[in-house]
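Please read this briefing with the sequence and the model side by side, and look up each residue as it comes up.

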Amino acid sequence: MSDQVKWHERELTKKALEVFAVECSHRDHDLCGGSGSCLDLLGELIQSRSEAEQARSFDAMRERLLHRYEQPSADWTTSALLRTTLDLILIPPLENWLWRSIAITTALARLGERGLSPDAVLRSGFRKDLTQRTLRTASSFLAAERAGNIAPADTPAFLRAWCDLLAQDPVCEDVGPMVSLSALSPSVCRVVEDWADRAAVGHLLSWRLNDYQPVERSAEDMVFSGGKDATIWICDRLARTYLGEWKASSLHWELAYRHAPTEVAIWAGVNPAILAERTVTEGMVTQELRKRLTRPGLRDDVANVAAEDLVPSVALLLQQGNPIAARQQAQNAYQAYPADPVLAMAYAFCLIPLDRREACRILAHLKPDRPEARALVTANLAVCDLFDGRLADAVTRASTIDVIGLVDTVWLWDPQSAVQGVAELRLECFAEWLPRLLAVAQST
Ligand SMILES: [Zn+2]
């Protein structure tokens, strides 16, 4: 139903109830059974409508943009302070770095005055945003250096230590700007987690990894009193307008809050007045939960790996020569959500060198809409043919792939090695991979 129709229907319901309540009141409430419940019902309807209106009107970005030329002050909403902090920590500390750093520090100080500790906000609430952004920025510079597009001296100084760190990690040979924390090797990952745990706030803001000043923080300092998920919920609630951007546990907290606002706010560790800045209706939460349960690819994590990180994580295990662990990780995810095409594809991909009958069975069931995903299914079936020595079948199958428009690089098995029964991983676009497959299959 369109919003317009829904709006019209709601208006009509309200009008009808008003007419009814007026008439009923004139007749001493004999229509509603004499209790006056017609008026109660009208009152509830008006209240829920104003709540829905309030919920719709919230926009964290607008809160921030209202003040974009000012430095944060005590009369800003908590939402404006949090959103400003989030937006600015994600901007590389290059241009206007002094203005940026004063703005973040002031926003954090104002948040601190309201009982929201800067350490909890940065090290828990926005931790993933910050570590992800620094890693991805550094990895895109590293990729550009390696491709010879920029000289190492052109990489900003604050990124040098990040690039050097990533250069030590085998996964970054290929992954490029898509690198994510859970896909990195444990030792590199530890360096980043330590930085987020221990670097002085000023060095977190300036993305400084080399010789950062360590500060000792106790576990209690890193979160609000309700714990890590409560901290993330409060930051999600006030800084991210769309519930689609929230962590799954934040939706649970929101439902609990709907039922006992004051109690839950105090338990989470914030002044209830702060959370009252925003209204979120129960319908918004249940709609988002329904979306996540029924649409693939929106879940926080499967088998302890974030869904978006599963492919890089599995690829890393394969690259490290650990096909059994890769298959196990992909299998756990696939078994939890067998209908999710991304997870099924990842699992089938891992199976190709190990169990082609099962790999082909899963691949044959995938009927993707997107051309990239369709090409991937066909390519993987063609690789099964190569492994099993059906070269003519591989050519026939692979020839149906139309590479026009398929520009993204994807993980594929190397055709040359596959013919020899060896599994070797490639990150390539179809336009590079397909001619190699055809050449190998036709010449052997
Ligand atoms: Zn009545």
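**A loop residue and its surroundings**

Asp28 is placed in the loop that runs between helix H1 (3-26) and helix H2 (37-57), where helices (H or I, at least four residues) and strands (E, at least two) are DSSP runs, numbered from the N terminus. This is a predicted model, in which local features need pLDDT of at least 70, side-chain atom pairs count only at pLDDT 80 or more, and totals for chains, interfaces and linings use all residues. Residues are numbered from 1 along each chain as its sequence is written, and side-chain values use heavy atoms, with hydrogens and water left out.

**Two residues with positive phi**

- Most residues other than glycine have a negative phi.
- Asp28 has a positive phi of about 60° although it is not a glycine, and with a relative accessible area of 66% it is exposed; buried means under 20% relative accessible area, exposed over 50%, and partly exposed in between (1.4 Å probe, protein chains only).
- Asp211, which is not a glycine either, has a positive phi of about 50°; Asp211 lies in the loop between H10 and H11 and counts as exposed at 64% relative accessibility.

**The zinc site**

- The zinc ion has the protein donors Cys24 (SG), His29 (ND1), Cys32 (SG) and Cys38 (SG), which lie 2.1 to 2.3 Å from it; donors are N, O and S atoms within 2.8 Å of the metal (3.2 Å for Na, K and Ca), and as water is not among the atoms, sites may look incomplete.
- Along the chain, the donors of the zinc ion follow the spacing C-x4-H-x2-C-x5-C.
- The site of the zinc ion is tetrahedral, with angles of 97 to 118° among its four donor atoms, since four donors count as tetrahedral if all angles lie between 85 and 135 degrees.
- Cys38 is buried, with a relative accessible area of 3%.

- His203, in helix H10 (residues 201-205), is buried at a relative accessible area of 18%, and its side chain reaches the backbone nitrogen of Gln213 at 2.9 Å.
- Not counting residues up to four places away in sequence, His203 touches Trp195, Arg208, Asp211, Tyr212 and Gln213, where contact means heavy atoms within 4.5 Å.
- Asp229 has its place in helix H11 (residues 228-239) and counts as partly exposed at 29% relative accessibility.
- The side chain of Asp229 makes a polar contact with the side chain of Ser249 (3.5 Å); a polar contact is a pair of N or O atoms within 3.5 Å, and within protein one must be able to donate a hydrogen and the other to accept it, while residues adjacent in sequence count only if both atoms are side-chain atoms.
- Glu288 lies in helix H15 (residues 282-294) and counts as buried at 6% relative accessibility; not counting residues up to four places away in sequence, Glu288 touches Leu243, Gly244 and Leu251.

**The whole protein**

- The secondary structure of the protein comes to 23 helices and four strands, and the C-alpha trace spans about 95 × 60 × 35 Å along its principal axes.
- Of the 444 residues in the protein, buried residues make up 46%.
- The domain assignment gives domain 1 (3-57), domain 2 (228-294) and domain 3 (301-443), with bounds that come from an automatic or database domain assignment.
- The C-alpha centres of domain 2 and domain 3 lie 39 Å apart.

Key
Tetrahedral: all angles 85-135°; square planar, octahedral: opposite > 155°, others 65-115°.
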